[in-house]
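Reader: I have a new model open and would like to talk it through with you. Could you take my questions one at a time?

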Amino acid sequence: FILVSLIYLIPPKTRYAIFNSPKSTTTGNKFLYLGARVSGGIAGFLQNFAISLGSVTIVNAMQGTQYAILLIGTVILSKKFPQILKEKITTEIMIQKIAAIILISTGLVLLTISHA
């Protein structure tokens with residue numbers, strides 16, 4: 001997993017773009033950018049680790065929770081740091097987003113059950 005990721009650092013042009021892209025942003029955005037990259041890498045590693053420990057179908061079914069966590073994080077960030085993340089939060093929009101999470105999670109569960 002890590003070795004395949006490091007392949008992107010071989011071409012000098014790609015390596016330059018990866019290591020120099022946050023410099024044009026503000027300090028807050030740089031932290032957010034790097035935090036997103038690090039958390040994405042950790043998430044990929046942990047997902048592969050979870051698959052090695054147990055059932056692939058259960059791990060895939062749990063992906064529905066990522067949307068709920070993403071919604072909670074977005075609401076918190078937009079309320080606490082509106083200068084970083086501006087999200088329009090109304091009752092109607094929240095109902096739509098929660099309904100979408102339920103539909104996606106139901107679909108993932110049905111896929112998992114049918115392949116178990």
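Reader: What percentage of the residues in the protein is buried?

Author: This is a predicted model, in which local features need pLDDT of at least 70 and side-chain atom pairs count only at pLDDT 80 or more, while totals for chains, interfaces and linings use all residues. Residues are numbered from 1 along each chain as its sequence is written, and side-chain values use heavy atoms, with hydrogens and water left out. Buried means under 20% relative accessible area, exposed over 50%, and partly exposed in between (1.4 Å probe, protein chains only). Of the 116 residues in the protein, the buried share is 9%.

Reader: Which pattern does the protein follow along the sequence?

Author: Helices (H or I, at least four residues) and strands (E, at least two) are DSSP runs, numbered from the N terminus. The protein has six helices and zero strands. Read along the sequence, that gives the pattern α-α-α-α-α-α.

Reader: Is Ile 101 buried or exposed?

Author: Ile 101 lies in helix 6. Because its relative accessibility is 15%, Ile 101 counts as buried.

Reader: Which residues meet in a salt bridge?

Author: Side chains of opposite charge can pair when their charged atoms come close. A salt bridge here is a side-chain nitrogen of Lys or Arg within 4 Å of a carboxyl oxygen of Asp or Glu, and the structure holds one. At 2.4 Å, N to O, the side chains that meet in it are those of Lys 97 and Glu 87.

Reader: Where in the chain is Glu 87, and where is Lys 97?

Author: Both residues are partly exposed, with a relative accessible area of 27% for Lys 97 and 31% for Glu 87. The pair is ten residues apart and links distant parts of the chain: Lys 97 is in helix 6 (residues 91-115), and Glu 87 is in the loop between helix 5 (64-80) and helix 6.

Reader: Which helix supplies the largest share of the lining of the largest pocket?

Author: On a 1 Å grid over the protein atoms alone, a pocket is an open set of points where a 1.4 Å probe fits, with protein on both sides within 12 Å along at least five of seven lines, and lining residues have an atom within 4 Å of a point. Of its 15 lining residues, the closest to the centre are Ala 36, Ser 39, Ala 43, Gln 66 and Ile 69. The largest share, eight residues, comes from helix 3.

Reader: How many residues of the lining of the second largest pocket are charged?

Author: The second largest pocket has a volume of about 300 Å³, and its lining includes Tyr 8, Phe 19 and Arg 37. Ala, Val, Leu, Ile, Met, Phe, Trp, Tyr, Cys and Pro count as nonpolar, Asp, Glu, Lys and Arg as charged, and the others, Gly among them, as polar. Its lining divides into eight nonpolar residues, one polar and, as charged, one.

Reader: Is Leu 53 buried or exposed?

Author: Leu 53 is found in helix 3 (residues 27-53). With a relative accessible area of 63%, Leu 53 is exposed.

How values were computed
Points joined across faces, edges and corners; volume = space filled by probe spheres on them.
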